[in-house]
Amino acid sequence: MAGSEEVVIDLLTTEAQFREAVALQRTIWGFDEIELLPVRLFVVAAKIGGHAFGAFHGGRMIAFCLAIPGLKPGGRAYLHGHMLGVLPEFRDLGIGRRLKLRQREDALEKGIDLIEWTFDPLEMRNAFFNVERLGAIIERYVHNQYGSSSSHLHGGLPTDRCIAEWWIRSPRVLAAIAGAPLEKYPVVDRIVVPNGIRLKANTEARCIQAAIAARFDAAFACGLTVTGIERLHDTGVYLLAELS
């Protein structure tokens, strides 16, 4: 198994590199051809203020991330981190974190202070990484963001997503990057997500997903924010607080 120090992070600039990233999508997510992000999108992203970075081991691309520029109401520019994937055999080496930190460096160089991305709220490993390891917060839940998906990773469920907000200049993010404890807020609500939801029958899994979605909708309607994650033996827990 490769060590993290043997992995090189580099900007993707060539058509050949973009094609490698497209091939990784097939391997990691198992998407049908119609759902793959094409080479053209990588080319356009690189030319309009976005970027793509790859992680290489021995000259082989083993992970990548892609971001595109966005514009908030009122004119605030931000980056939307649209995709990040790591080959299964290279996970747990900190490569995803290195890609996100390189993405942050690029955003800072462009004068941008916000990066957002979506993630599946049922995947507590990703939730923990986003909130606890990177210092992102969550204030929005989107139902069936991408419609039906051919990926085996999505288990035939609606593609509900939380939106991670990564305020990359904030004290919270600086603390997370440094490995320091994050500021704790009084917990107002908890949303519990059982492990192994996708291993259940589809009807049962959909019911559990819908119940969790309703909890998020209610919490966010009350102005709450996810500021912490607990990972227990058989569940994960979103910790929600009032930030204002």
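## Two helices crossing

Helices α3 and α5 cross in a left-handed manner. The model is predicted. Helix α3 covers residues 95–109, and helix α5 covers residues 171–178. Their axes lie 12 Å apart, and the packing angle is about 140 degrees.

Which residues make the contact between α3 and α5? Helix α3 brings Arg97, Leu101 and Arg104. Helix α5 brings Val173, Leu174, Ala176 and Ile177. By class, five of these residues are nonpolar and two are charged, with no polar residues.

## The largest nonpolar core

In soluble globular proteins, nonpolar side chains tend to be buried together. Here, the largest nonpolar core has 35 residues. The members touching the most others are Ile138, Trp166, Ile212, Phe216, Val226, Tyr238 and Leu240.

Which elements give two or more residues to this core? The strands are β5 (114–119), β6 (137–142), β7 (161–167), β8 (189–194), β9 (225–231) and β10 (235–241). The helices are α4 (124–133) and α6 (202–221). Helix α6 supplies the largest share, seven residues.

Leu240 has contacts beyond its neighbours within four places in sequence.

Another core lies apart from the largest one. This other core has 31 residues, including Leu12, Phe42, Met83 and Leu99.

Technical notes:
Residues numbered from 1 in each chain as written. Predicted model: local features only at pLDDT ≥ 70, side-chain atom pairs only at ≥ 80, totals over all residues. Heavy atoms only, no water. Core = buried A, V, L, I, M, F, W, Y, C linked by side-chain atoms within 4.5 Å. Buried < 20%, exposed > 50% of the residue type's maximum accessible area, 1.4 Å probe, protein only. Helix = DSSP H or I, 4+ residues; strand = E, 2+ residues; numbered from the N terminus. Contact = heavy atoms within 4.5 Å. Axes fitted to C-alpha atoms, helices over the stretch in contact; angles between N-to-C directions. Left-handed = near helix turned anticlockwise from the far one by under 90°. Nonpolar A, V, L, I, M, F, W, Y, C, P; charged D, E, K, R; others polar.
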